[in-house]
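Please look through the structure below before reading on.

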Amino acid sequence: MATLTYRDALNQALREEMQRDPNVFLMGEEVGVYQGAYKVSRGLLEEFGPQRIVDTPIAELGFTGIGIGAAMGGIRPVIEFMTWNFAVLALDQIVNSAAKMLYMSGGQIPMPIVFRGPNGAALQLASQHSQAWEGWLTHIPGLKVVAPATPADAKGLLKSAIRDNNPVIVLEGEMLYNMKGDVPDGEHLVPIGKAEIKREGSDVTLVCHSKTLSVALKAAEQLAEQDIAAEVLDLRSLRPMDEAAILESVQKTNRAVVVEEGWPYVGVGAQVVDIIQRDAFDHLDAPVQRVTQADVPMPYNKVLERAAKASPEKVVAAARRVLYLDS
Amino acid sequence: MTATARPPKDTLNAELQLKMLRQMLLIRRFEEKAAEAYALGKIGGFCHLYIGQEAVAVGALAALRDDDYVICSYREHGQALVKGISPNAVMAELFGKATGCSKGKGGSMHLFDAKRGFMGGHGIVGGHIPLGAGLAFASKYQGQDRVCVCFFGEAAVNIGAFHETLNMASVWKLPVIFLCENNRYGMGTAFERVAAVTDIVEHACSYDMAAELVDGMNALTVYEATRRAVERARKHSHPTLLEVRTYRYMGHSMSDPLHGVYRTKDEVEEQKARDPITHLAGKLKEEGVIDQAGLDAMDAEVLAEVEEAVKFADESPDPEPDELFTDVLAE
């Protein structure tokens with residue numbers, strides 16, 4: 001067990017998987033000579049050479065499609081997007097080519113490919129660079145979507161994603177790259193589709209993923225000071241979603257708040273709420289609350305940006321509402 | 001790079017030319033039967049026929065090895081048949097049957113046979129152009145010498161994916177042949193109305209790529225040009241852009257008119273005078289390779305094969321209901 005940053009945990013996952021399987025290669029903007037826009041691929045060009053660490057032009061649609069074609073040809077691409085905001089240019093390829101290839105070929109052509117990169121807002125990057133895309137991506141059958149919140153999960157989920165025979169979206173957090181944590185050495189695989197309780201509690205369930213894990217954990221600390229025991233459930237995978245884990249926790253606490261970085265309309269939280277109302281309705285003591293980004297494009301101004309984001313204070317307020325402590 | 005229409009060199013033996021003639025006839029008769037079946041409601045959705053363009057698929061694929069990749073747009077019945085998918089499996093797919101080459105899940109626009117290197121039928125204009133380059137990338141990565149021929153229509157040339165892909169294919173020296181079937185109309189829009197550069201071969205200059213302008217109504221010309229491009233790809237790992245000028249006799253799809261607002265009936269009739277099947281049949285008759293009786297026999301044989309395919313498709317079962325949920329994700 002070593003203490004690594006989230007960035008280095010991803011780097012270790014890539015390195016180990018590329019050492020294990022010569023068919024795994026990395027393609028994207030600035031992944032090679034520049035060592036990665038966020039240094040996730042640091043040192044990989046030196047170790048694996050330009051055939052396997054492929055610098056691309058700024059042409060997301062094109063190189064994503066070439067990656068998908070390469071997967072059709074039997075190799076295992078990892079496509080890095082400098083951010084998911086730019087990946088929208090490649091959405092046709094992800095949705096129309098990668099997600100549907102196996103189905104529309106009647107099961108003939110598997111699609112072992114990973115699409116990864118930072119997702120969600122960082123600091124003061126304004127509207128076009130501050131978006132959380134999981135609502136869009138999780139909507140699509142044929143894709144798997146994971147959103148690790150810790151260095152250990154980042155390594156374990158990326159390794160699982162690379163070994164998966166399906167297209168897997170790995171949503172990283174730009175603000176998480178420097179986060180440190182214990183990461184198991186070597187063969188550490190986190191199964192796709194398994195949530196994890198990151199803090200146990202009995203009064204209210206805080207459902208979160210990716211960057212909102214730290215928001216939920218801080219909220220849980222504050223709630224503990226008010227003698228409220230919050231359980232923090234990190235989804236980790238958004239598709240498939242661990243419905244059993246959500247239901248088990250809500251059946252215990254009878255109350256839930258869903259926290260996410262994305263916008264409220266048709267977001268991931270809406271899906272979580274649907275699962276709860278469908279299969280745990282009789283266990284609920286209060287309507288489920290959601291904490292999301294404000295329903296606006298992200299502003300540049302620091303004060304406005306802070307007001308737009310999910311925060312521990314907003315989560316505490318929502319938790320108090322589901323406990324009927326506030327109206 | 002010079003782009004010239006070269007006369008066919010007669011390097012082809014008679015046997016291969018007869019095979020090409022038969023393949024073109026098979027496509028023609030297959031598509032005619034598909035049109036009938038569509039009118040009868042046996043085929044649903046969009047169905048884009050290849051009638052008039054047969055020489056392109058037949059000529060190009062004659063220059064390939066069996067293990068080479070072919071990837072196409074949604075107008076791909078012809079390429080699928082020539083790549084070796086049986087008329088039964090293609091027709092059954094159009095009928096949406098379990099015995100179809102994509103198990104009834106793809107339909108006319110999504111024919112697949114991965115074992116034969118037939119990598120689909122893709123429905124978004126230009127969306128499969130990068131996939132074709134990706135197949136070539138995989139071949140090169142794995143140290144194979146398989147090449148990929150990527151067919152697309154001229155309308156796809158206005159799509160960003162075309163330009164992004166040609167650039168990367170050239171930078172990375174990928175063994176891919178971009179084969180543009182210029183049939184002059186993107187649905188009902190004449191290419192010259194929406195393209196600043198109407199000689200598509202010229203786009204190759206932007207990407208420092210070899211290119212050739214090819215008469216697509218002549219299977220032998222297409223064969224020769226593709227052969228040169230395949231050699232360039234296989235031996236030197238260099239991509240090529242082929243602009244193959246052809247013409248579709250039918251509407252864009254079965255639900256579209258043959259002519260009317262966007263082209264005249266006279267124009268269609270005029271183009272039919274260049275018919276690729278008539279042309280090759282005439283040449284082979286002139287050379288004494290085949291006579292009219294031989295031609296009639298070939299046509300009858302092909303027709304019987306297509307009628308058998310319709311019967312097979314008609315009698316095949318629909319997919320089982322639980323097939324709805326299979327093939328969404330791999331194990």
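What follows describes the two chains, their contact, and selected parts of each.

This is a predicted model, in which local features need pLDDT of at least 70 and side-chain atom pairs count only at pLDDT 80 or more, while totals for chains, interfaces and linings use all residues. Residues are numbered from 1 along each chain as its sequence is written, and chains are lettered from A and ligands numbered from 1 in the order in which they are written.

**Chain A as a whole**

- Chain A holds 13 helices and 14 strands, where helices (H or I, at least four residues) and strands (E, at least two) are DSSP runs numbered from the N terminus.
- A compact globule of 327 residues would have a radius of gyration near 20 Å, and the 20 Å of chain A agrees with this; the radius is taken over C-alpha atoms, and the globule rule is 2.2 Å times the number of residues to the power 0.38.
- The C-alpha trace of chain A spans about 60 × 45 × 40 Å along its principal axes.
- Of the 327 residues of chain A, 60% count as buried, a term that requires 20 or more other C-beta atoms within 10 Å of the residue's own, whereas 12 or fewer make a residue exposed and values in between make it partly exposed, with C-beta atoms placed from the backbone.
- Among contacts in chain A with a separation of 6 or more, 78% are accounted for by residues 24 or more positions apart; two residues are in contact if their C-beta atoms, placed from the backbone, lie within 7 Å.

**Two domains in chain A**

- The domain assignment of chain A gives domain 1 (2–183) and domain 2 (196–322), with bounds that come from an automatic or database domain assignment.
- The C-alpha centres of domain 1 and domain 2 of chain A lie 26 Å apart, and the contact between these domains takes 23 residues from domain 1 and 22 residues from domain 2.
- On the side of domain 1 of chain A that touches domain 2, at least two residues each are supplied by helix H7 (134–138), strand S6 (144–146), helix H8 (151–163) and strand S7 (168–173).
- By class, that side of domain 1 of chain A has 13 nonpolar, 7 polar and 3 charged residues, where Ala, Val, Leu, Ile, Met, Phe, Trp, Tyr, Cys and Pro count as nonpolar, Asp, Glu, Lys and Arg as charged, and the others, Gly among them, as polar.

- S7(A) is mostly covered, with 6 of its 6 residues buried.
- Both faces of S7(A) are covered, with Val168(A), Val170(A) and Glu172(A) buried on one side and Ile169(A), Leu171(A) and Gly173(A) buried on the other.
- Strand S5 (residues 114–119) of chain A runs parallel to S7(A) and is joined to S7(A) by 6 bridges, with Gly117(A) having Leu171(A) as its bridge partner; two strands pair if DSSP finds at least two bridges between them.
- S6(A) also runs parallel to S7(A), joined by 3 bridges, and Val146(A) stands opposite Val170(A).
- From S6(A) the chain crosses through H8(A) to S7(A) in a right-handed β-α-β crossover, meaning that, with the strands pointing away from the viewer, the path from the first strand over the helix to the second runs clockwise.

**Where chain A meets chain B**

- The contact takes 34 residues from chain A and 34 residues from chain B.
- On the side of chain A that touches chain B, two or more residues each come from helix H3 (60–72), helix H5 (91–98) and helix H6 (101–104) of chain A, and H3(A) gives the largest share, 10 residues.
- By class, this side of chain A has 15 nonpolar, 18 polar and 1 charged residues.
- Gly62(A), found in helix H3 of chain A, is buried, with 28 other C-beta atoms within 10 Å.
- Leaving aside its neighbours within four places in sequence, Gly62(A) is in contact with Pro130(B), Ala161(B), Glu164(B), Thr165(B) and Met168(B).

**Chain B as a whole**

- Chain B holds 12 helices and 8 strands, and its C-alpha trace spans about 55 × 50 × 40 Å along its principal axes.
- With 331 residues, a compact globule would have a radius of gyration near 20 Å, and the 19 Å of chain B agrees.
- Of the 331 residues of chain B, 55% count as buried.
- In helix H2 (residues 54–62) of chain B, 9 of the 9 residues are buried, so this helix is largely enclosed by the rest of the structure.
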